Amino acid sequence: MDSILNILLVSTIVGLSYGQLIIPHRPLGYIYSGTRDAPVHLDVHMGPLCPDSAAAFETLKAVATHYGPTNFILVLHMFPLPYHHQAFFVAKGAQIVKKFGKGDADAYKWFKHFYTNLDSVSNSRTANMTANEVISMIADVAVPIGIAKTSFMVGMNAYEIESDTRAAWKYSCSRGVASTPTFFLNDIIVEAQPTWTLNDWKQVIDPLMVGLPRNTPLQACPIGTVKCDYLPGKTECCTKGESCIPNVGCRCMDRNNCI
């Protein structure tokens, strides 16, 4: 009898340890540019309140722009670290902005705000705030992006949003992610540093582009942006408040309305 009980106990533990992960409602991650069938994929697992992730953010976008959406796709995955106490709320907020806004394009506006203003939700700044006060504060960030605060608050209590945020975190765990940012180039970890420049990335990515069209012009811009062909073969996507200036690119012409 004892042996049977032991077998049952071991089976139960194994079942709990290797249970089915949450299957999300849609493919995970936030696409900056490119399509899922692009031959070169860069998937980066980022902490939404991680200083190192913030340091890498703009360069990663520059890498995606350099290679173009035909050959290259950049996908960010949010992996909120527990020692950044409000990171899960910010990661959950990205899911809300994506769902109620203009998809991934608005999510990148969300990321840009927090990577530019990490101190606003730091542990010390929010130490004496309740969870509801923190949520209300980050909900205010969604309003200029075009998400009503009431919609944001509803999203914070939505099962689907909670489930998808957890699924994304567990996915990162399943890939062995333990720190941020963690870089996967065509599913293989690259020992890159947050301080890498575009030229650093080119040394790794250029060999993968052999035989593919180089410097493919941007064919389409994310929803909510406008294509700017500022030089032959050079294209940017201007956000709200930016103007397309020949020979220069997208520049903010009205500080109060630029996102």
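**Stop one: C228 and C244**

Select C228 and C244: the torsion about their S-S bond is about 75 degrees, so this disulfide is right-handed. A disulfide here is a pair of cysteine sulfur atoms within 2.5 Å. The S to S distance for C228 and C244 is 2.0 Å. Now colour by strand. C228 sits in strand β6 (residues 226–231) and C244 in strand β8 (residues 242–245). The two cysteines are 16 residues apart and link distant parts of the chain. Strands are DSSP runs (E, at least two residues), numbered from the N terminus.

Before moving on, note that the model is predicted: local features need pLDDT of at least 70, side-chain atom pairs count only at pLDDT 80 or more, and totals for chains, interfaces and linings use all residues. Residues are numbered from 1 along each chain as its sequence is written, and side-chain values use heavy atoms, with hydrogens and water left out.

Is C228 buried or exposed? C228 is buried, at 0% relative accessibility. C244 is partly exposed, at 39%. Buried means under 20% relative accessible area, exposed over 50%, partly exposed in between (1.4 Å probe, protein chains only).

**Stop two: C238 and C250**

Select C238 and C250. Their sulfur atoms are 2.1 Å apart and form a disulfide. C238 lies in strand β7 (residues 234–238), C250 in strand β9 (residues 249–252), twelve residues apart. This link is left-handed, with -90 degrees about the S-S bond. C238 is buried at 4%, and C250 is buried at 8%. The disulfide count comes to two.

**Stop three: C50 and C173**

Select C50: it is buried, at 4% relative accessibility. Then select C173, which is partly exposed at 33%.

Key
Helices (H or I, at least four residues) and strands (E, at least two) are DSSP runs, numbered from the N terminus.
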